[in-house]
Amino acid sequence: MVAADKTSFPVKPKLKPTHRKSTSTPESKYWKSFKTPKELPAQTPGPTVTSISFSPTPPYDFAATHSASVSIYSAQTFERRTISSAFKDTATSATFRSDGRLLAAGDISGSVHVFDLKSRVPLRRLLGHSRPVHVVRYPLADKLHIFSGGDDAIVKYWDVTTEALLGDLLGHKDYVRCGDSSPVSDDMFISGSYDHTVQVWDVRVKNSGSVMKINHGNPVEDAIYLPSGGLIATSGGNSVKIWDIIGGGRLLHTMESHNKTVTSLCIGRVGKETGEESNQYRILSVSLDGYLKVFDYSKFKITYSMRFPNPLLSVAFSPDCTTRVIGTSNGILYFGKRKPKSQPTGEEVPVGGPRERSLRPSYVRYFTRGQNGKPLEGDYAIKRKKKVKLAEHDKLLGRFRHKEALLAALRVKNPEYVVAVMEELVVRKKLLRCVSNLEGEGEMVLLLRFLQRYLTMPRYAGLLMPLAGKVVEMKGEEIGASDALKAHIRNLKRDVDEEVRIQVMLQEIQGIVSPLLKIAGRR
């Protein structure tokens, strides 16, 4: 006597449909964790957020230029305060000094303004550009100088304390719209222009000419130094390009995943929470197509992408890796706030402090202790095995009731269940016996309807096509005696003939196209 098979798991089809695998990675989860706080709706400071910049010092507040003002936002509460200024037109390109105490910004009238953040009053106004100013930057640690660039195609180097112009850096032939200071030298910076070039400047060179010129191939919208100081990233058109300036301006990689103009770049950082051994830097790019892209330039691949409903003009990432801000063409700011991962304090209860009563088996809490405890970072959690819920056909297979299991799956009308049961019956060498044991017109109609519907599907055809032939061979007399069964067989034959016709037509098309492709490949 054979004991019943106590199957504790459901059967699954081996012929699974092809589908895309989940692309969720630790890094994508990291970037998804930057969410807009629910209690803070998107704010609209004014038309067109032209620039966003974070303070380099705690608590890492950030500045946004919009309309004829500069607003400072708290990185913790996102409260806003506007700096009173003498802007006559749209403000542009806010930048913080290395100590976070001063802020400089340009405007469309051609001026560069310097403000004291504590008193929020203007300290200096640098006049020299004849056209709108679109880029203003402090050097890395130099507190006394600023460089600026504008639509007059001139880059200017200023002494902030005396408001004196130290030199005009000539070389661009069109609007200067972006720039960045070197992370390794206070004397070097880059500027990008609509003349398709990025120029590397060194103020120690006395001839006022650039020390290197790089051709991006499109009007340059943004250019930034990467943290090493030996690489720069440029954006223009729908591409972002990485250049090796130590190697003479050699192009390393071109990223073309945006569909429209890439408007702004910044550097972001991911850490050990994503599985990396140490902090890793990424390039964040935004575009008029509404997409934010995260680019791992060490592996030259996109690691994360996010869609926004508006064209994006500016992006910035906080130095402490907790805040991401994106500005749009219609004045909306998207704040992304990430809660830092909590760390165990490791504090001990002081001697003589309150002591908990020791638990004994006579207390109920003795038997329930630890049930609601959360594992620490170094703990190994053993998950309780989930109870598997078996379908009716799985239970019948476990009791060796093969025909009933097949009919139960056919009644559910889920092709994966039916194919899984048929595959299990093939392994047990019981499928043809189940077919021969089908009784009555109703049971045969269930099987023929399933075969008619799914026989021509490529992922099921390898199993169902031979089965259909065996069904006709074994049940020929019953089918001939029933008009309903003959109608199903006629429909089945019609579907098979149509599939054969389509396959023949596709082979003919392949025969026509293949020689053409070979000829095109030779050219």
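User: How are α5 and α7 oriented to each other?

Analyst: Angles under 35 degrees count as roughly parallel, over 145 as roughly antiparallel, 65 to 115 as roughly perpendicular and the rest as oblique. In this predicted model, helix α5 (residues 415-427) and helix α7 (residues 440-454) pack at about 110°, with axes 12 Å apart, and are therefore roughly perpendicular. Axes are lines fitted to C-alpha atoms, for helices over the stretch in contact, and angles run from 0 to 180 degrees between N-to-C directions. Helices (H or I, at least four residues) and strands (E, at least two) are DSSP runs, numbered from the N terminus.

User: Which residues of α5 meet α7?

Analyst: Contact means heavy atoms within 4.5 Å. Pro415, Val418, Val419 and Met422 in α5 meet Leu447, Phe450 and Tyr454 in α7.

User: What should I know about the numbering and cut-offs?

Analyst: Residues are numbered from 1 along each chain as its sequence is written. Local features need pLDDT of at least 70, side-chain atom pairs count only at pLDDT 80 or more, totals for chains, interfaces and linings use all residues, and side-chain values use heavy atoms, without hydrogens and water.

User: In what order do the four strands of the open sheet lie?

Analyst: Strands of a sheet pair through backbone hydrogen bonds, either parallel or antiparallel. Two strands pair if DSSP finds at least two bridges between them. Here the order is β13-β14-β15-β16, with antiparallel pairing. β13 (176-181) and β16 (212-215) are the edge strands, each pairing on one side only. From one strand to the next, the twist averages 20°.

User: How many bridges join β14 to β15?

Analyst: Five bridges join β14 (residues 188-193) to β15 (residues 197-202). Met188 has Asp202 in β15 as its bridge partner.
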